[in-house]
Amino acid sequence: MKAGFVSLGCSKNLVDTEVMLGLIKEREIELVNDPSDADILIVNTCAFIQSAKEESINTILNMAEYKQPEKGHCKSLIIAGCLGQRYGQELLDELPEADGIIGTEAWGRVTEVIDETLKGNRLVIKGDETIYDASVPRIPTTPKHTAYVKIAEGCNNRCAFCAIPLIRGKYRSRKLEDIVAEVRNLADKGVREIVLIAQDTTNYGHDIYGEPRLAQLLRELCKVEGVKWIRTLYNYPRFLNDELIEVMATEEKIVKYVDIPLQHASNEVLRRMRRPDTKEQITALLKKLRERVPGVVIRSTFIVGFPGETEEQFRELKDFIQEQRFDHAGFFTYSKEEDTPAANMDGQVDDDVMQDRYHEIKAIQSLISQEINESLVDQVLEVIVEGHTEDGTSYGRSYRQADDVDDLVYIEDDTTSKVGDIVKVRILQGFTEDLVGELAE
């Protein structure tokens, strides 16, 4: 038997895909990249916002075409991940093309679902609140020098706009020693960059140790030989405390890159979003980070068009973006998600207004990003090489850029560097999205 996978959504979903791939391979089912070769097709879906749901449904329908003899020989089409977890039997009833559903917590039963669907049984398995550990087989799909490590699952924040707690459940951390064991194993396989992920990384350990333990975890991971860079994503400001900032400032392996999802800058909007921070607290935190971690790169995400957002509140957000000058920022128009508190709020913003605000604030950030990148000219940065173009240019990322979400550094006339090498690059040009440099002597 042969199986093919399509993984959609975030890096946390990608880790679930990698674990399921490992379990499937253990059953001696061959993994293939071409869906036309697959007997079993699994789509690991995202359901975070409406556009993600639409992409998931379209991908499922595209994969269903390989059930037609003239296109492929798929005998089992399985929906995994967030969409299946949230909609379960309803989704299976509405998509006759699908044969089975695996929820986000049922990754460990993937081969069971495969067996049942190949027998002609259609089923839904959602499972209990679980999280993988270091003993679970896993096949990385990232470049061999980089790996995501999920340190916790679920979320307790209950923001008014977010459906993640409805899909992923309550927050639950992995044990510290288990994470260290996984990172040692990855380092032994040549991984040089570890990216720690969770819905809220700064809350790591609170549920099992009674207090956040991300700082302690980072110190332990810095002792692992072979690891060059350790990056953390999704650092909520609430637990980004002095101890954690000190670790970021003093541990050489910790990449000086902080990803803080702030969502807005108006205190009234933040209150309606059920965010625990105020604009004043956020501003003080950003000031502290920049003072205590020289050269720190700060990334954030923001929502425009949240219910009730006025022109004055949007202007406050624009002013905040211009004042803070984030190195990277992602913007989203508000997505109305059923069963979330925000879905029933008064003052739903018109789609055209949201789009206008989105493009306006994106333009502001684009100019800031270009100015920051231009200021990097003549600086020398360490870059992890990720590939080569046909014209003799290599490309990769410095500490300033996270995989998949940020821009790249292009290295001109570089035919000697290998993928996974960390090289010194002198920046020659800075653009809105990318940097261009040359190997530094």
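Modeller: Angles under 35 degrees count as roughly parallel, over 145 as roughly antiparallel, 65 to 115 as roughly perpendicular, and the rest as oblique. The axes are lines fitted to C-alpha atoms, for helices over the stretch in contact, with angles from 0 to 180 degrees between N-to-C directions. Helices (H or I, at least four residues) and strands (E, at least two) are DSSP runs numbered from the N terminus. This is a predicted model, in which local features need pLDDT of at least 70 and side-chain atom pairs count only at pLDDT 80 or more, while totals for chains, interfaces and linings use all residues. Residues are numbered from 1 along each chain as its sequence is written, and side-chain values use heavy atoms, without hydrogens and water.

Biologist: At roughly what angle do the axes of H2 and H3 cross?

Modeller: Two packed helices are described by the angle between their axes and the distance between the axes. Here, H2 (residues 50-64) and H3 (residues 82-94) have axes that cross at roughly 60° and come within 13 Å. H2 and H3 are therefore oblique to each other.

Biologist: Which residues in H2 meet H3?

Modeller: Contact means heavy atoms within 4.5 Å. From H2, Lys53, Ser56, Ile57 and Ile60 meet Leu83, Arg86, Tyr87 and Leu91 in H3.

Biologist: How many helices and strands does the chain have?

Modeller: There are 13 helices and 19 strands in the chain. Its C-alpha atoms fill a box of roughly 60 × 60 × 45 Å, taken along the principal axes. Of the contacts with a separation of 6 or more, 71% are between residues 24 or more positions apart.
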